[in-house]
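Morning, everyone. Let me put the model on the screen and walk you through it.

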Amino acid sequence: MDPFNEVKEDAYASIRALDNIINLRPNGKPPTNEQQQDFENSFQELQEIYRDLQQALSISESQPSKFNLSDIDISNRKSILSDLNNQIQHLEKKWNQKQYRDVTTMSNRISQDGQEDEDIDPFSADSAMTSYQQQELIQEQDLQLDDIHRTMMNLNQQAAIMGDELEEQGFMLDELDYEMDNVDNKLQRGMKSINIFLERNKETASNWCIGILVVVLCVLLVLLLIA
């Protein structure tokens with residue numbers, strides 16, 4: 001399979017994902033840590049895909065007959081790489097420009113507030129920035145608390161499942177204990193029956209021995225009398 005076509009669609013999919021991340025970012029606000037991390041990770045992945053495409057083009061260009069490629073196909077692929085490079089640069093520029101607009105918007109807002117009210121404390125701009133940072137910090141803490149809550153809910157569910165399993169195993173152990181008691185009772189009854197049987201046979205054997213001894217004594221007496 002041609003390695004170039006395997007990677008090309010991934011590159012355009014990454015471009016669409018990055019553009020979506022930029023568009024979802026609200027205007028007039030700096031990106032959150034999560035948005036910044038998403039953009040950086042996706043952009044780095046796109047750059048890696050672009051390098052893979054360059055390598056795939058080199059392979060295809062060095063062995064065009066292996067992939068049934070003509071000079072026109074090679075030229076088209078170079079055009080695709082050029083287009084991807086332009087879009088990557090455009091995305092990076094768009095992200096940076098949006099950051100610049102965010103800073104400019106915040107500065108203009110603070111400047112307009114200062115012009116409307118000259119009696120405002122000269123440290124009001126710093127106060128506004130501090131308040132905004134506090135709001136961002138509160139939002140991040142809320143997200144962290146939500147994550148902790150979800151984690152606790154998952155742990156609670158797992159604990160409930162483990163409790164049900166332990167309860168079921170407890171029932172199984174009770175049943176096993178009951179069966180062991182039944183087996184023990186049966187063994188005791190069996191041993192008792194065997195002991196009774198042995199006692200009865202013991203008495204019968206004693207009677208037979210006494211009878212045989214009496215007969216032997218009688219025979220001996222008869223022999224003595226005859227002698």
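Start with Phe39. Phe39 is buried, at a relative accessible area of 6%. Buried here means under 20% relative accessible area, exposed means over 50%, and partly exposed is in between, with a 1.4 Å probe and protein chains only.

A word on the source. This is a predicted model, where local features need pLDDT of at least 70, side-chain atom pairs count only at pLDDT 80 or more, and totals for chains, interfaces and linings use all residues. Residues are numbered from 1 along each chain as its sequence is written, and side-chain values use heavy atoms, with hydrogens and water left out.

Back to Phe39 and its ring. How many aromatic pairs does the structure hold? Two. In one of them, Phe39 stacks with Phe43, at 5.7 Å centre to centre and 15° between the planes. The criterion: rings of Phe, Tyr and Trp (its six-membered ring) pair if their centres lie within 6.5 Å; planes under 30 degrees apart count as stacked, over 60 as edge-to-face and the rest as tilted. Phe39 and Phe43 sit four residues apart in helix H2, so about one helical turn separates them. Both are buried.

Now the pair of Phe39 with Trp95. The ring centres are 4.1 Å apart and the planes are at 5°, so this pair is stacked. Trp95 counts as buried because its relative accessibility is 2%. Put together, Phe39, Phe43 and Trp95 form one aromatic cluster.

Next, helix H2 as a whole. H2 covers residues 33-62, which is 30 residues. From its first C-alpha to its last, H2 reaches 44 Å, close to the 44 Å expected at 1.5 Å a residue. That expected span is 1.5 Å times one less than the number of residues. Helices (H or I, at least four residues) and strands (E, at least two) are DSSP runs, numbered from the N terminus.

Which residues of H2 are buried? Among them are Ser42, Leu46, Ile49, Tyr50, Leu53 and Leu57. Two of these names come back in helix H1. Ser14 is found in H1. Ser14 touches Leu46 and Ile49, not counting residues up to four places away in sequence. Contact means heavy atoms within 4.5 Å. At 12% relative accessibility, Ser14 counts as buried.

The end of H1 looks like this. Leu24 lies in H1, which spans residues 3-24. Is Leu24 buried or exposed? Exposed, with a relative accessible area of 59%. The C-alpha atoms of Leu24 and Gln35 are separated by 9.2 Å, and the two residues are 11 apart along the chain.

On to charges. The structure holds two salt bridges. A salt bridge needs a side-chain nitrogen of Lys or Arg within 4 Å of a carboxyl oxygen of Asp or Glu. Lys94 meets Asp19 at 3.0 Å, N to O. That pair links distant parts of the chain, Lys94 in H3 and Asp19 in H1, 75 residues apart. Lys94 is partly exposed at 24% relative accessibility, and Asp19 is partly exposed at 26%.

Lys78 meets Glu61 at 3.2 Å, N to O. Lys78 lies in H3 and Glu61 in H2, so the pair ties together parts that are 17 residues apart in sequence. Lys78 is partly exposed at 41%, and Glu61 is partly exposed at 39%.

Now the surface. Val215 is found in helix H4, residues 124-226. A nonpolar patch is formed by Trp208, Ile212, Val215, Val216, Leu217, Val219, Leu220 and Leu223, with about 800 Å² of accessible area together. Patches take residues with over 30% relative accessible area and no salt bridge; like charges are joined within 9 Å, nonpolar side chains (Val, Leu, Ile, Met, Phe, Trp, Tyr) within 5 Å. Areas come from the Shrake-Rupley method with a 1.4 Å probe, and for residues only the protein chains shown count as cover.

Last, the whole chain. There are four helices and zero strands. Of the 227 residues, 16% count as buried. Among contacts with a separation of 6 or more, 77% come from residues 24 or more positions apart. The accessible surface comes to about 17700 Å², of which 56% belongs to carbon and sulfur atoms.
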